[in-house]
Amino acid sequence: MQYRVLGRTQYRVSEIGFGAWGIGGGLWQDSDDQASRKALHAAIDAGVNFIDTALAYGQGHSEQLIGTVLQERGERVLLATKIPPMNRRWPAQKGTSLNEVFPSEYIVRCTEDSLQNLRVDCLDLQQLHVWNDEWFDEDELWETVELLKADGKIRFFGVSINDHEPNSALQVVSSGRVDTIQVIYNIFDRSPEDRLFPLCLQHNVGVIARVPFDEGALTGHITLDTSFPENDFRARYFRGERKRQVVERVEKLRRFIGGEAVGLPELALRFCLHNRAVGTVIPGMRTVEHVHANCSVSDGRMLSAGLLSSLREHRWEKNFYH
């Protein structure tokens, strides 16, 4: 496993982090606690030292699983979690006041709930699960963050940017008020490269790249016949003609499989890691097989300039979350 410095936090984080949405169950109907625990153990054994979760993942279940595994191991792992919007609206809605989404007492209460679930005294990184740049001038937010730091409940603070809206965080990144940002970044959605990543490098803000597989599209496993349980969010994400669109675009990527990447998942992860702004990539890993495949990509080898140039034509402006 290779490691990178996560911005001004100075944390040396594993290039491959553990994305813990799926292990929370809930919208991931095929989640299995026993497999999830094994996956967490395997990831730590492979050198993963950064786990990203959220209080909303399975209503705390993801955090609780992580806390149990870490207590069993007695090892130090960097933990990042997220405060869900109080109004339960993903993404954040324009014109919504901070008091409707992240009032001070709610931020503190959620942080304390996460500390209890994870069985730790201090969170390495606390994040807002959605972001609205209209909140930037709300002093109450930043005063609450400083209070949590002063009380020793969090070490660093960041925001998870709304789906496919990297430019909504330009002001907060420039301000120095956040230590990290979490953003969608993959072969299809390269929009963070345009303005956000250069700004993060300039201001030494750590980047956590999420959704490297585009919720499974870039694994190459989505076919026209793929189906998901009705209550699984992927049934909606890949609804209608979207599977056909994915299959057609992914098929064009298969010509790049060979010398530099043996499969599409490897190509997807290596693409994310080529950008020096990225501190860690957090694919979801619900099985030991996922862990071994994903962690093997962190070997210090980078994609060639020629391949990266060819991948530019596969940028795809879309938003399947809507």
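**Notes on an open parallel sheet**

1. Let's start inside the sheet: alanine 80 has leucine 125, in S6, as its bridge partner. S5 and S6 pair in the parallel sense over four bridges; two strands count as paired if DSSP finds at least two bridges between them. Strands (E, at least two residues) and helices (H or I, at least four) are DSSP runs, numbered from the N terminus.

2. A word on what you're looking at. This is a predicted model, where local features need pLDDT of at least 70 and side-chain atom pairs count only at pLDDT 80 or more, while totals for chains, interfaces and linings use all residues. Residues are numbered from 1 along each chain as its sequence is written, and side-chain values use heavy atoms, with hydrogens and water left out.

3. The overall picture: the chain has 12 helices and 10 strands. Its radius of gyration, taken over C-alpha atoms, is 19 Å, close to the 20 Å from the globule rule for 322 residues, so the chain is as compact as a globular protein of that length; the rule is 2.2 Å times the number of residues to the power 0.38. The C-alpha trace spans about 55 × 40 × 40 Å along its principal axes. Buried residues (under 20% relative accessible area; exposed is over 50%, partly exposed in between; 1.4 Å probe, protein chains only) make up 57% of the 322.

4. Now the sheet as a whole. Eight strands form an open, parallel sheet, ordered S3-S4-S5-S6-S7-S8-S9-S10. S3 (18-19) and S10 stand at the edges with a single partner strand each, so one side of each has no neighbour in the sheet.

5. S5 (residues 78-83) is largely enclosed by the rest of the structure, because six of its six residues are buried. Leu78, Ala80 and Lys82 cover one side, and Leu79, Thr81 and Ile83 the other. Isoleucine 51 sits opposite leucine 79. From S4 the chain goes through helix H2 (residues 61-73) to S5, a right-handed β-α-β crossover: with the strands pointing away from the viewer, the path from the first strand over the helix to the second runs clockwise.

6. Five bridges join S9 to S8 (residues 180-184), and isoleucine 181 stands opposite valine 207. Helix H7 (residues 196-203) carries the chain from S8 to S9, again with a right-handed crossover. Three bridges then tie S9 to S10, with isoleucine 208 opposite threonine 280.

7. Last, have a look at threonine 287, in the loop between S10 (278-281) and helix H11 (288-295). At 24% relative accessibility, threonine 287 is partly exposed. Its side chain reaches the backbone nitrogen of histidine 290 at 3.1 Å. Beyond neighbours within four places in sequence, threonine 287 is in contact (heavy atoms within 4.5 Å) with Ala35 and Ala39. The C-alpha atoms of threonine 287 and alanine 43 are 9.7 Å apart, though 244 residues separate the two along the chain.

Key. Polar contact = N/O pair within 3.5 Å; in protein donor to acceptor, adjacent residues only side chain to side chain.
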